Amino acid sequence: MKKIIKLLTLSVLFAVMSCTDLAIEATDSSFSDATSSDFQGVDPTASLDGLYNDFRGQIGTQENLFALSEVSSDELLVPTRGTDWGDNGVWRNLHDHNWDANHRDITNSWNNLNQNVYKASLIIDPRSNGSAQEVAEAKFLRAYMTYWLVDLYGQAPFRTPDEGQDVNPSVKNRVEAFDFAVQDLTEALPNLPVSGPSSTLNRASRAAANFLLAKLYLNKHIYTGASVDPADMTKVVDYVDAIKADGFDLQTGYFDLFKNEVNNEVIWFSTADVGARIWNTLHYKQNSPDNEGGGWNGFTTLAEFYDLFEGDPNINVPGSGQEERRGFVPTDGSHLGIGYGFLIGQQYDETGAAMTDRTGNPLSFTKELPGLLGNNEVTGIRVIKYHPENGAFAPKSVLFRYADAHLMKAEAILRGGTSSETALDLVNELRTKRSATPFTSLTEQNILDERGRELYDEMWRRNDQIRFGKFSEPWEFKSNTDTYRNLYPIPSVAIISNPNLIQNEGY
C-alpha cells in the first residue's frame with residue numbers, strides 16, 4: 001500500500017504549500033501498488049468485505065462526498081462562527097463556489113473513489129476466482145464509484161491488475177466512463193441477490209443495481225452533452241418499476257425511514273454511523289445520554305431552502321401548519337428535547353425548559369445569517385434527519401431510497417418517458433404520504449423543489465440542481481455563476497502524477 005501512502009503524503013504537503021508551488025516529486029497515481037504482470041488474484045471474500053468497510057469509513061463523515069454534494073448546493077452551508085468552523089476556508093469555498101484543484105474534499109474524494117474502483121477490479125479479475133455473486137457485487141461497487149467519478153469529475157482513470165507502477169493509468173472520458181458503469185451493472189444484474197426490504201441491504205442487490213441504472217440514465221444527457229432522449233427516460237421508468245416489483249414502495253412516517261429498522265423504502269444503506277450527520281448541526285448544549293458532549297454547532301440551511309416547505313415561515317413548533325418533512329421543534333421535552341427536520345427559533349431541553357446558549361442568552365436559532373463569516377452560536381436554521389433518540393452514532397446511513405426512485409420515474413415521464421402513469425399523479429402520491437397539499441399541475445421547478453423537500457441531506461442536491469440547470473445560478477451567500485463549476489477540478493496531485501489526465505475547463 002506504499003503508493004497510497006505516498007499519495008496521501010503529497011495531499012498533506014499540498015495543503016500547506018502555496019498553490020503556485022508545484023515543485024514536488026510526482027507519483028504514479030492514486031492506486032495501490034499491488035499490480036504487476038505476476039498478479040495471481042486476491043481473496044475475493046475478504047477483499048469484498050474490505051471494500052465495503054473502506055467505503056463505510058469514507059461515507060461516515062461530513063466531509064468528502066457528502067460535502068461536495070451538499071455544501072456546494074443551496075441546501076447546506078457551514079458558516080464560520082468566530083474562528084470555529086473556519087478550517088482554512090474549505091467550507092466557505094464549497095458553498096460560494098470558489099474551490100480550486102487543491103481543495104481537501106475534492107482531493108480526498110478523488111483518491112477514495114479511484115482506490116475503490118481499483119480494488120473492485122482486483123476482485124472482478126478471473127484469477128481471483130470469486131463466486132458469481134461476489135463478482136457481481138464488486139461490479140456494482142465499481143459502477144457506483146465510477147458513477148461518482150463521472151458525476152463529480154467527468155473522467156475516470158483506470159488501471160488493470162496487470163499494469164505495474166511504471167504504467168500511467170488510462171483515462172476514460174465522461175461518455176466512456178458512463179458506458180463502463182452501465183456495462184458493469186448490466187453484467188452484474190443476473191447474479192445479484194433478489195431482495196425486498198430487509199436488514200441485509202447493506203450489500204448490493206438487484207434493486208440497488210436497478211436504482212443506479214435509473215440514476216445514470218436520468219442524468220445521461222448531462223454526461224453526454226446531448227439532448228434528452230425519451231428512450232432513456234423510458235429506461236428510467238422500467239428500472240424503477242423493477243425496483244417496485246422487488247417489494248419496495250413508499251411508506252408513511254417520514255422520519256421513521258431513518259431509524260435503524262427495516263422499512264419499505266430503503267434499497268441500499270451503509271453501516272457507517274450517522275453521528276456526524278446528527279452532531280455537526282446541533283448546538284454545543286444539545287446532547288443525548290450516549291453523547292453528553294453535545295453538538296458541534298456547524299451546519300445550517302438557507303432561509304430560502306427552508307421556505308420551500310409548507311407552514312409558518314418563522315416558526316416550526318407543532319401546529320405551525322407544516323408538512324411532515326419540515327419536522328418540528330418539541331416544546332414539551334419529548335425526543336430528548338431535540339427536534340426533527342428543521343430547527344428554528346427557541347430550543348427546549350428534555351424537561352421542556354427554554355435553553356440558553358453559552359453566554360446565557362436564549363438558544364433561539366435565527367432564520368437569517370449575517371453571511372458565511374461573522375456568525376455567533378445561534379445563527380442559522382439547523383437540519384437533522386437522523387435523530388439521537390435512535391442512537392447518537394447509529395450504524396445506518398441510507399444511500400438509495402424508493403422515494404428517490406419514485407420521483408426519478410415522475411421526472412422521466414415529464415421528460416418524455418413512456419408509462420401508463422402520469423408524473424403529476426406520482427408526485428401527488430408522495431405528497432399525500434407526507435401530509436403536503438397535492439399539486440394541480442406540474443413543472444420542472446415543482447419536481448426539483450419536491451426532490452429537495454423529500455431528499456434533503458441525502459447527497460443528491462448538487463446532482464439535481466445541475467440536471468435542472470440551477471447549480472450555476474446565484475443563491476444566498478453565493479454569487480459565483482461559473483458554469484464550468486458543474487464539474488470539480490481534477491486534483492493537482494493527480495494531474496502531476498498522471499499525464500493522461502487533462503484538467504477540466506476553467507481550472
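Helix α15 is largely enclosed by the rest of the structure, because ten of its twelve residues are buried (buried means under 20% relative accessible area, exposed over 50%, partly exposed in between, with a 1.4 Å probe and protein chains only). The model is predicted: local features need pLDDT of at least 70, side-chain atom pairs count only at pLDDT 80 or more, and totals for chains, interfaces and linings use all residues. Residues are numbered from 1 along each chain as its sequence is written, and side-chain values use heavy atoms, with hydrogens and water left out.

Helices (H or I, at least four residues) and strands (E, at least two) are DSSP runs, numbered from the N terminus. The buried residues of α15 are Asn446, Ile447, Leu448, Asp449, Glu450, Arg451, Gly452, Arg453, Glu454 and Leu455. Among the elements that cover them are α8 (206-218), α13 (402-414), α14 (423-433) and α16 (461-467), where contact means heavy atoms within 4.5 Å. The end C-alpha atoms of α15 (residues 444-455) are 16 Å apart, which agrees with the 16 Å that its twelve residues should span at 1.5 Å a residue; the expected span is 1.5 Å times one less than the number of residues.

Helix α8 is also largely enclosed by the rest of the structure, since twelve of its 13 residues are buried. Those residues are Ala207, Ala208, Ala209, Asn210, Phe211, Leu212, Leu213, Ala214, Lys215, Leu216, Tyr217 and Leu218. From first C-alpha to last, α8 reaches 18 Å, close to the 18 Å expected.

Two packed helices are described by the angle between their axes and the distance between the axes. Here axes are lines fitted to C-alpha atoms, for helices over the stretch in contact, and angles run from 0 to 180 degrees between N-to-C directions.

Helix α5 (residues 104-124) packs against α6 (residues 132-152) at about 155 degrees, with the axes 9 Å apart. That makes α5 roughly antiparallel to α6 (angles under 35 degrees count as roughly parallel, over 145 as roughly antiparallel, 65 to 115 as roughly perpendicular and the rest as oblique). The contact includes Trp110, Leu113 and Val117 of α5 and Val135, Trp148 and Leu149 of α6. Its residues divide into twelve nonpolar, four polar and three charged; Ala, Val, Leu, Ile, Met, Phe, Trp, Tyr, Cys and Pro count as nonpolar, Asp, Glu, Lys and Arg as charged, and the others, Gly among them, as polar.

Helix α7 (residues 174-188) packs with α6 at about 155 degrees, with the axes 8 Å apart. The two are therefore roughly antiparallel to each other. Among the residues in this contact are Phe140 and Asp151 of α6 and Arg174 and Phe178 of α7. The contact divides into ten nonpolar, one polar and six charged residues.

**Tyrosine 223**

Tyrosine 223 lies in helix α9 (residues 220-224) and is buried, with a relative accessible area of 3%. Its C-alpha atom is separated by 7.5 Å from that of aspartate 151, 72 residues apart along the chain. Not counting residues up to four places away in sequence, tyrosine 223 touches Tyr147, Val150, Asp151, Arg174, Val175, Phe178, Leu216 and Asn463.

**Positive phi**

Most residues other than glycine have a negative phi.

Aspartate 457, which follows α15, has a positive phi near 70 degrees.
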